[in-house]
Amino acid sequence: MTETLHPLLEIRGLRKQFGTVEVLKGVDLALNKREVVSIIGSSGSGKTTLLRCVNLLEEFQGGDIVLDGETIGYRISKGRRYRIRDRDLSRQRSMTGMVFQSFNLFPHLTAAGNVMLGLRKVRRLGRDEARAIAEAWLGRVGLAQRGDHYPSQLSGGQQQRVAIARALAMDPKLVLLDEVTSALDPELVQEVLNTVKSIADDGATLLIVTHEMRFARDVSNRVVFMEQGQIVEDGPPAEIFGNPRSQRLAEFLRNTRT
Amino acid sequence: MGYSLHFGAIWASFDRLLSGLAIGLGLAIAAVLIGTFLGLLAAFASVGPSRLGRLIAGSYVMMIRNLPLLVLVLLVYFALPQAGIRLDKYESFIGALALYSGAYLTEVFRAGLLSVPKGVVEAGRAIGLTRFQTGIWVTAPVMLRNALPSLGNTFISMFKDSSIAAAIAIPELTFEARKINVDTFRVVETWLVASGLYVAACFAIASFLRSLERRFPKF
């Protein structure tokens, strides 16, 4: 009951411009702890930008993002908003994990090294402790034997699972997944989706941007449909996919059906 | 009238050539170490967010690259004492070559930095590394690996440029060869041997750097 009163993530009136182009036009979205929410919508609808704002990789011009009771990214002083200092941004970023479309593993580090870097430098754990956590997470994503491999020696699916381990090892309150299967060969998509599914089943809070409609339907508690920088529909998957209320969502679903 | 080769006089002074070679290597290593530091600093500044930093880095590279090394060496050696900065000839040459190599290394490192994928840097920020930590633990190592081949070229150039130190009477290889030449009048032999030593040393440096390239994983 208290959890529903205080959502883990609350986005209020989020506005974002690139130059004169408005990509987010007042987005409101709340996530409870352990909830899995998928955002669907066509390219350019602002889904990815929304995730990047939550992880403070993008600045935004209006609205608030509150994570676990803390307003992130900005402070208000004498009625004006200021971006906070880099050190504070980094601390707030470490509360969310991000998995990118193109994996973005550190190419000079092994799989274990990728997972360990944040544990060592951000959470300031000792080498042995960091290694133990890294090995546990690599095992969790099915890569126990690949700790010493460099990213270039791994398949796309394996790289993405290392990226998932890297994000989750930091013990984030919220994990953001940005089209995590879009850069993968078709036969590698399922292993990554299975990994995400099992993390969701373990009670992680996930905000997912995806083009995999079947996956969104299977894994999510709620699905959000975005178009042109706004949330058009927000509801349980059965309703979003089975009974779209808006013309635009119905059209989108028709076009993505394969 | 033929010129017949007699290497005997050269071999008699071979230890001087070897010590000259060692001095040249020492000068180059010291200068390149400082130059690497300067180059890293200027390269990060030249792609960084600070306008002033970009301006300073850009001016540094432009100034130094448009000066012949010999002029820079003479400038540092003769002008700095007038400004009250007393350096011996070794210090002033290392300083000049460091400034010079720093400018070239800035460009090498800058190209390396631009080759680091933006997403990899963002991944560093996303796990909570600060901007500085990301630079140290992500950007710099990826950049160095990418820059390694052109870094090797620059290091070899800098070693060969240590021959300029002869102009301010530092007894490195070229200086010693010139002295032996004057003492023995064995012109061809002297410069053949000196050339051989330069080629051998550069070949050794290149092989060492190539083994480094092999040791670090390709991305």
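Contact here means heavy atoms within 4.5 Å. In that sense helix α2 (residues 47-54) of chain A lies across β1, β2 and β4 of chain A, and α2 runs at about 115° to β1(A). The model is a predicted one. Chain A contains an open sheet of four strands and another open sheet of six strands, while chain B has nine helices and zero strands.

**The four-stranded sheet of chain A**

- The strand order in this open sheet is β2-β1-β4-β5 (chain A), and the pairing is antiparallel.
- The edges are taken by β2 (21-31) and β5 (70-71) of chain A; each has a single partner strand, so one side of each is left without a neighbour in the sheet.
- Eight bridges join β1(A) and β2(A) in an antiparallel pair, in which K16(A) stands opposite L24(A) of β2(A).
- The hairpin made by β1(A) and β2(A) has two residues between the strands, and G19(A) takes a positive phi near 65° there.
- On β1 (residues 9-18) of chain A, the pairing with β4 (residues 62-67) of chain A is also described as antiparallel and runs over five bridges.
- L9(A) has L67(A) of β4(A) opposite to it.

**The six-stranded sheet of chain A**

- Six strands make up this open sheet, in the order β8-β9-β10-β3-β11-β12 (chain A), with mixed pairing.
- Strands β8 and β12 of chain A stand at its edges with a single partner strand each, so one side of each has no neighbour in the sheet.
- On average, neighbouring strands of this sheet are turned by 20° against each other, direction ignored.
- An antiparallel pairing over five bridges links β11(A) and β12(A), and E227(A) stands opposite Q230(A) of β12(A).
- Helix α7 (residues 186-201) of chain A lies across β3 (36-40), β9 (174-178) and β10 (206-209) of chain A, at about 155° to β10(A).

**Salt bridges**

- Over all chains, the structure holds 21 salt bridges.
- One of them joins the side chains of R222(A) and D234(A), with a distance of 3.0 Å from N to O.
- R222(A) belongs to strand β11 (residues 222-227) of chain A and D234(A) to strand β12 (residues 230-235) of chain A, so this pair ties together parts that are 12 residues apart in sequence.

**Chain B**

- Listed from the N terminus on, the elements of chain B run α-α-α-α-α-α-α-α-α.
- Along the principal axes, the C-alpha atoms of chain B fill a box of roughly 75 × 45 × 25 Å.

**The interface of chain A and chain B**

- In this interface, 25 residues of chain A are in contact with 21 residues of chain B.
- The two chains, A and B, bury about 2,000 Å² between them, and 66% of it is on carbon and sulfur atoms.
- P107(A), H108(A) and K121(A) supply 26% of the area that chain A buries against chain B, more than any other three residues.
- Two salt bridges are found across the interface of chain A and chain B.
- A salt bridge links R52(A) with E122(B), and their closest N and O atoms are 2.5 Å apart.
- Between chain A and chain B, seven residue pairs are in polar contact, counting pairs with both residues at pLDDT 80 or more.
- On the side of chain A that touches chain B, the elements giving two or more residues are α3 (86-93), β8 (96-99) and α4 (111-121) of chain A.
- The largest share of that side, four residues, comes from α3(A).
- By class, the residues on the side of chain A that touches chain B are 10 nonpolar, eight polar and seven charged.

Technical notes. Residues numbered from 1 in each chain as written. Chains lettered and ligands numbered in written order. Predicted model: local features only at pLDDT ≥ 70, side-chain atom pairs only at ≥ 80, totals over all residues. Heavy atoms only, no water. Pairing = 2+ DSSP bridges. Axes fitted to C-alpha atoms, helices over the stretch in contact; angles between N-to-C directions. Buried area = accessible area lost by both parts, 1.4 Å probe. Salt bridge = Lys/Arg side-chain N within 4 Å of Asp/Glu carboxyl O. Polar contact = N/O pair within 3.5 Å; in protein donor to acceptor, adjacent residues only side chain to side chain. Nonpolar A, V, L, I, M, F, W, Y, C, P; charged D, E, K, R; others polar.
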